[in-house]
Amino acid sequence: MYKVKIVVVCGSGVAMAMHAAYKLREYLEEEKLYVHIDGSGNNELPGRINAYDMVVSNSQVTVKTDKPIFSAIPLITGVGEKELVEKIIAKVREIQEEKNSDK
Amino acid sequence: MGNINFNDENVNQDELSIEEHLILVKEKVTSREEIIRKLGNMLFENGYVKNTYTQAVLDREIEYPTGLQARVTGVAIPHTDTEHVLIPAVAIATLENPVIFNGMGMPDTEVEVDTILMLAIHNPKSVVSILRKVIFILEDDEALTKMRFAKTKLEIKNIMTNHIRSLANK
């Protein structure tokens, strides 16, 4: 099974990406979706983005990319969190299926 | 920050100071700069941060604003790079009247903020466990409401420490 790679981004990397990443991992594991999650500071993102399938960010993503981007804010405030998590779960499944059928 | 290595979850966790001398209640200010300066001075005068901290928080707030619209109210979590911090702490303020912060991840939006959690973090991995519990108060409607209406520093300290304790098993 292909392991979807997600990068969670925050401004300078002082722990907020980590908080969002831990929550996201818990939600995905409940769905038996095992993914690879890294955290990144916004400044490092341009050099790293190609290694990932999906970006979840609490700052504006300025690097040009066709990768799916989700806001991390609902994971911090709880407002709109359920809807966000449903969208991310659907996207993770979609990427998994694509990658598995490529093989 | 580099990679989140989940195997590091068991690294020794440091305390995050939540003390009455780092709390302001129903403070009367007219701008986000004013409240950031007040909280920054408290952290500096009590030895938690270097004299560069407050300006670094103000500068970062422009590039990466920290206003967050929770269900109960607008909360801001101003912070900055670890190099400006000596001892990890959270300075807390509630405001008599809200001030405008720009939205985290949405710099063009404005959030009316009346509760501020100013973070002084020296090593994210060493405080991630307790820091996560502090941030979870944004989703705890009851605790956040109590904090907004608290009348004393001690009350605010107790609300936060009880909230953290209630998550002890998470």
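Modeller: Start with the labels. Leu22(B), for instance, lies in the segment before S1 of chain B. Keep in mind that this is a predicted model.

Colleague: Where is Leu16(B) found?

Modeller: Leu16(B) is also placed in the segment before S1 of chain B. Leu16(B) has 20 other C-beta atoms within 10 Å, and so is buried. Now look along the chain. Ser126(B) is 110 residues from Leu16(B), and their C-alpha atoms are separated by 9.7 Å. Leaving out sequence neighbours up to four places away, Leu16(B) contacts Pro88(B), Ala89(B), Val90(B), Val127(B), Ile130(B), Leu131(B) and Val134(B).

Colleague: Next, the core. Which members of the largest nonpolar core touch the most other members?

Modeller: The general idea: in soluble globular proteins, nonpolar side chains tend to be buried together. Here the largest nonpolar core has 72 residues, and those touching the most other members are Val8(A), Ala20(A), Leu43(B), Val90(B) and Ile92(B). Strand S4 of chain B, residues 89-103, gives the most to this core, with eight residues. Take Ile92(B). Apart from neighbours within four places in sequence, Ile92(B) contacts Leu22(B), Ile23(B), Ile116(B), Leu117(B), Ile156(B) and Met160(B).

Colleague: On to helix pairs. At what angle do the axes of H1 and H2 of chain B cross?

Modeller: Read the angle between N-to-C directions. Helix H1 (residues 32-45) and helix H2 (residues 53-63) of chain B cross at roughly 150 degrees, their axes coming within 9 Å. Angles over 145 degrees count as roughly antiparallel. H1(B) and H2(B) are therefore roughly antiparallel to each other. Their crossing is right-handed.

Colleague: Which residues of H1(B) and H2(B) meet?

Modeller: From H1(B): Arg32(B), Glu33(B), Ile36(B), Arg37(B), Gly40(B), Asn41(B), Leu43(B) and Phe44(B). From H2(B): Tyr53(B), Thr54(B), Val57(B), Leu58(B) and Glu61(B). The contact has six nonpolar, three polar and four charged residues.

Colleague: How do H4 and H5 of chain B cross?

Modeller: Helix H4 (residues 141-149) and helix H5 (residues 153-166) of chain B have axes that come within 9 Å and cross at roughly 165 degrees. That makes H4(B) roughly antiparallel to H5(B). The crossing of these two is left-handed. Ala143(B), Lys146(B) and Met147(B) of H4(B) make the contact with Ile156(B), Ile159(B) and His163(B) of H5(B). Four of these residues are nonpolar, one is polar and one is charged.

Colleague: How many residues does each chain give to the contact between them?

Modeller: Chain B gives 23 residues and chain A gives 25. On the side of chain B, the elements giving two or more residues are strand S2 (67-69) and helix H3 (124-135). H3(B) gives the most, with five residues. By class, that side has 13 nonpolar, five polar and five charged residues.

Colleague: How does H1(A) cross H3(B)?

Modeller: The axes of H1(A) and H3(B) come within 10 Å and cross at roughly 70 degrees. That makes H1(A) roughly perpendicular to H3(B). The crossing is right-handed. Met18(A), His19(A) and Tyr22(A) in H1(A) meet Pro124(B), Val128(B), Arg132(B) and Ile135(B) in H3(B).

Colleague: Last, backbone angles. What is phi of Lys32(A)?

Modeller: Phi of Lys32(A) is near 60 degrees, a positive value in a residue other than glycine. Lys32(A) sits in the loop between helix H1 (16-30) and strand S2 (36-41) of chain A. Lys32(A) is exposed, with 6 other C-beta atoms within 10 Å. Lys26(B) also has a positive phi, near 50 degrees. Lys26(B) is in strand S1 (residues 23-27) of chain B. Lys26(B) has 15 C-beta neighbours inside 10 Å, so Lys26(B) counts as partly exposed.

Note on methods:
Residues numbered from 1 in each chain as written. Chains lettered and ligands numbered in written order. Predicted model: local features only at pLDDT ≥ 70, side-chain atom pairs only at ≥ 80, totals over all residues. Axes fitted to C-alpha atoms, helices over the stretch in contact; angles between N-to-C directions. Helix = DSSP H or I, 4+ residues; strand = E, 2+ residues; numbered from the N terminus. Parallel < 35°, antiparallel > 145°, perpendicular 65-115°, else oblique. Left-handed = near helix turned anticlockwise from the far one by under 90°. Contact = placed C-beta atoms within 7 Å. Nonpolar A, V, L, I, M, F, W, Y, C, P; charged D, E, K, R; others polar. Core = buried A, V, L, I, M, F, W, Y, C linked by C-beta atoms within 7 Å. Buried ≥ 20, exposed ≤ 12 C-beta atoms within 10 Å, placed from the backbone.
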